[in-house]
Amino acid sequence: MTVNALVLTGFGINCDNETERALARAGADAVRIHLNDLLEHLELMDKAHILAIPGGFSFGDHVASGKIIANRLRHKLGEPLQRFIGNGKLVIGICNGFQVMVKLGLLPLFDGAFKQETTLAWNDSCRFENRWVYLRAPQGNRCVWLKDIELLELPVRHGEGKFIPGNDEVLRRLQDNGQIAFQYAREDGAPANGEFPFNPNGATADIAGICDPSGRIFGLMPHPEGFQERENHPNWTRLPLPDEGAGLKVFRNAVEFARNEL
Amino acid sequence: MPINRIEVAMKPTLPDPAGEALRVRVREDLGITFEVARVIDVFILNAALREEELEKARCELFTDPIIQTSAINQSLATDYDCVIEVGFLPGVTDNVGRSSLEGVQDTLGRPLAKGEAVYKSTLYALKGVDKTTAETIAAKLLANELIEQYVVKTADEMKTLDGKPLLALPIVTQQSDAEVHEVSLELSDDALAALSREKMLALDLDEMRSIRNHYNHPDTRARRGRLGLPAAPTDIELEILAQTWSEHCKHKIFNATITYIDEHGDKHTIDGLFKTYIKGVTDAVSKRVPWLVNVFEDNAGIIQFDDDHVFALKAETHNSPSALDPYGGAMTGIVGVNRDVLGAGLGFQCIFNTDVFCFASPFYKGEIPPRLLHPKRVLRGVHSGVRDGGNQSGIPDVNGAIVFHERFLGKPLVFCGTGGLSPAVVGGRPAHKKAAKPGDHIVMTGGRIGKDGIHGATFSSEALHEGSPATAVQIGDPITQKKMADFLLEARDQGLFNCITDCGAGGLSSSVGEMAHKPGGASIYLDKAPLKYAGLAPWEIFLSEAQERMTLAVPPEHLDAFLDLARRREVEATVLGEYNNSGFLDCYYNGKLIGSLNMEFLHEGLPKMRLEAQLNPPEPAAELLLPSDESDLTSDLLQVLGALNVCSKESFVRMYDHEVLGLSVLKQFQGARRDGPGNSGVIAPVPGSKRGIAVSCGICPKYSDLDAYRMAACAVDEAVRNLVAVGGKLGTIAGLDNFCWPDPVQSASTPDGRHKLAQLVRACEALYDVCLAYDIPLISGKDSMKNDYRIGDTKISIPPTILFTAAAIIEDVGKVVSMDAKAPGHSVYVLGETRDEMGGSEYLALRGQLGVNAPEVRPFSARALYERLGKAIKDGLVASCHDCSDGGLGVALAETAFAGDMGMTVTLSPLGVDNGVIALFSESQSRFVVTVSPDNAAAFEATLDGHPCYRVGETSQEPVLRIVCADGRKVESDLDALRAAWKQPLNW
């Protein structure tokens, strides 16, 4: 079966090339599609199995990161998107894409309806930073994108990545449902416990990424598409690493899942 | 129109990181302490909205329900002593306001009417400050009066204000005169010169006379009479000529005939510095490098990357705008050079940025002359502008430097560079070939035209003076540009246009004027141009340097497809006229011909400048004082590590996205803790291929006062050895030269012009000599020749500066080498000769001395060394390699050690330099610190046999650096102390 993946572009999204590449290398038939073209050809949503909202600076992060494009998706793509996820299809939002999903309420999607329950606020440092972090996928998490992934190193490149749940109840539900997909950690996998730079932004409970209750919709601040080659790793000249970057596994998981389940 | 104000703030129960960051910055930069700051976003909606629409926009668009609170027409500022509100002045680009407008339209599901708008401002509520202090904070830190308005109110004053708006709506109301005027040149010489000054034409008397002669020619007069044009030039014609003939566009100094008296008193005639040295060396080298594709002719230099791809490289300066508005000036610098690459050939995708800044010390304590900003504010603003411009454009920043020298107080230097990649063939055509054809439409894409940056090209050709115009400042809009860049690459791949160029300095007049050169003419209808606001005179429309625009030649058969794609990508594209072969550039406004310029006169009529250059004899050298009594040089090394030109810039660099596009191979910071300074940025731009590009820079203005020749040679060598250090090979290296000079034209205000021009000649000679020896073609470059500050009696001229940017094609990125020591027990080598070349060194600068002997590059022996080191790297013999530059060998050893978390025990006696201070701190060129594993040591030494290669010690697990010099003087320090000394000074 051909797994079709749509990678959103336009309006300042800027990680679309490497996200498309990652999905293609993982075996999907991936195409980049401008948001306006998608709105003109909504039937493409029905043919696709995976939708990726890549990183970038949609609308310059003006007003707040991801806000304006989330608003546009809500008003112009709301129904097709509901149908898409209702059919059990997969969505990933990376960095700005995660911000879009959270502000659109596509995550955590507790009760199947779009509602903003969490946010991604300014980093505690109040600055955009680019650094590599250690991530741990907590046991019992449901994220299908993270199958067989326990620890992963990835770059973060954001100014507004501090995950904040709306209240304690939201945090509890995320934990209980296995919706906390990725947490910032130390090199040995121990929790970052909020300590900079391991937790680069002050995120509550070291949360770097969450998924919906089905595990098929996944949003995260770090960039798995930014680690496709050994040479992307900041310490590749010091460490024995396989040729393929470990970030690709995330996309391989999704394509394999789509192939088997959709 | 009803005006509504929406205020948005963090919920009072949550901390406000922006407020806290402001509090810290006010304390650090102004030494003012206060209790609390809250930062409140203000959106002014100047639109007819129903109450429920307003409420919907507030909730859905403007407020994050998790962390924010908001209110309509009611202030959220509570518990404060003073508020400051900062908003834009009329006509200044308001990016947030514009995005907000789109968001409002999405939310309401209907378009807003013409003239309806959202304006963004920011309200700062401060507790623990009085009004005077708040005024200081506003003026010195929060607002730039050239582009922003602000108001300060106390809590009591706010009460009496009763909800009235604090700031005037930034709507442009001032109307220009849309009439076209004729400008008589039948004037005395003095009056001609005065006219040039008053109109900011920046033309000299000779040039003004040439224009007068052209208009007085019987053929010109007869033709103008037939066309109904006045005999005298119209204002638009004169403005076009001034801008096309500006130093910025015509490089008059680099093309001048120079009579040069050298240091021996011998007289030479130089037929153009550009032709003789820059093009000269490229011509000479081009026979040996088969990969040049297009040099000097396009917006960027173009070379072959692999069989299927071509690579474009360009660097620009944006100094004068950055002096006035550091943030906006630097941002337009970076997005401007991106457009150079986007407009090279048929359009290149930008794949990396570089940035190099020169400032005075941010810790400067002296008086700041009028109209200048404190260097700390300049640094922060420039850095933020480049950060936002690059990050929002999705282009990784891979290499750069920040250089400090006291004379950059007069003008900061802001160099922005960009590399781009294109398939070698696009839309069935070679990517590097382009030409407008007669009949092609003139199409402008991207942003709209306002008064921004009018006279930018002529302004940057002048010293900063009291009348420098605020309109010279522009603010970039990276998102408009990103949308346009995405669109244009799509259109390129579909073959929809014949020619493209950046609409930069000089605006349309420059881009259309240049593109009309090949077809041989153009007609442009200026009333068709999309404007930001009404009231621009036709000449202003033609010359405006409003940002984010490109000019294209679109053939009639593709026009519909081109405009349709633009519409679907939400990019504005407007047909403004057509190219033809009439021999004239004709400008129309509302159906009337208002200017007609002979293309030949426009492009070839500029009289050649004649200049004189004479080198002053060297100043009698002050006696050099090197301390000889200290036996322990540890604290000296720690001091040099903390020197501004040496210390870590990590806190700035981390804020640049350096990995977007996913092509990164070597990042700026390397090593065990990812904090060691890399030599070059390396990327692998074609997915699936290991072929790569390394890029580096060299810049050493600190040697200029001693010897401009050596300064230039050192800049080239520094860039080259940074490439060699990662595995770049001579013969694959291309260079860019960016000259920033103080005015080198002798005049009453520049009595030392002859000497400064002679320094320029010397620098060009060095560039020629070293590039020839290293086989480096110069593929593009730029010069900025008036980097002086002059107000009243104060004159500050920058030290003559060359930025040399170099790029090497790497065969296999899997073999490049990083700078950090890798393991204990590795041998440590110093490559290259260490000499008594303390002149201009960081060590002497810390002692307030300049010294005598600037480092000398010996390119032929260096080349031989570089080739052997390249072979050793290729053979996999090198564990780490680090360039040795600012600060000298001590710094390079320390950096190698702490980056690798490896101790090192070193004896410098093999270098043959007795004096420990010279061994550790002389800045001799063409040197490296290399570590090699024991398994490879013999093969490494054999490869380097016959070249200066000294084994000086070994790495160790114990985290201590120990150095013993030939004279017995020592350094001993643990790595943490070295690292801390290096990181602390600029760890903001």
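Tutor: What follows is a set of questions about labels, each answered by setting a value against its definition.

Tutor: This is a predicted model, in which local features need pLDDT of at least 70 and side-chain atom pairs count only at pLDDT 80 or more, while totals for chains, interfaces and linings use all residues. Residues are numbered from 1 along each chain as its sequence is written, chains are lettered from A and ligands numbered from 1 in the order in which they are written, and side-chain values use heavy atoms, with hydrogens and water left out.

Student: Why is B:Glu7 called buried?

Tutor: Buried means under 20% relative accessible area, exposed means over 50%, and partly exposed is in between (1.4 Å probe, protein chains only). B:Glu7 has 1% relative accessibility, so it counts as buried. This residue sits in strand β1 (residues 3–10) of chain B; helices (H or I, at least four residues) and strands (E, at least two) are DSSP runs, numbered from the N terminus.

Student: What makes B:Glu7 and B:Arg5 a salt bridge?

Tutor: The rule asks for a side-chain nitrogen of Lys or Arg within 4 Å of a carboxyl oxygen of Asp or Glu. For B:Glu7 and B:Arg5 the closest N and O atoms are 2.9 Å apart, so the pair meets the definition. Both B:Glu7 and B:Arg5 are buried. As for the background, side chains of opposite charge can pair when their charged atoms come close.

Student: Which residues does B:Glu7 touch, apart from those up to four places away in sequence?

Tutor: Contact means heavy atoms within 4.5 Å. Among the residues that B:Glu7 touches are B:Ile40, B:Val42, B:Thr69 and B:Leu123. The side chain of B:Glu7 also reaches the backbone nitrogen of B:Leu76 at 2.8 Å.

Student: How do you know that B:Arg962 is partly exposed?

Tutor: Its relative accessible area is 23%, so B:Arg962 falls in the partly exposed range. B:Glu958, at 40%, is partly exposed too, and the side chains of B:Glu958 and B:Arg962 meet in a salt bridge (3.1 Å, N to O).

Student: Is B:Phe898 buried or exposed?

Tutor: B:Phe898 has 0% relative accessibility, so it counts as buried. It lies in helix α28 (residues 889–900) of chain B. Leaving aside neighbours within four places in sequence, B:Phe898 is in contact with B:Leu975, B:Leu978, B:Arg979 and B:Trp982.

Student: Which peptide bond is the one from A:Leu107 to A:Pro108, cis or trans?

Tutor: That bond is cis, with omega near 0°. The bond from A:Phe196 to A:Pro197 is likewise cis, with omega near 0°.

Student: How many residues does each chain give to the contact between chain A and chain B?

Tutor: Chain A gives 57 residues and chain B gives 62. Across this interface the rule finds 10 salt bridges. One pair that meets in a salt bridge is A:Arg157 and B:Asp657 (2.9 Å, N to O).

Student: What does it mean that the chains bury about 5000 Å² between them?

Tutor: Buried area is the accessible area (1.4 Å probe) that two parts lose on being put together, summed over both. So the figure of about 5000 Å² covers chain A and chain B together, and 49% of it is on carbon and sulfur atoms.

Definitions and conventions. Polar contact = N/O pair within 3.5 Å; in protein donor to acceptor, adjacent residues only side chain to side chain.
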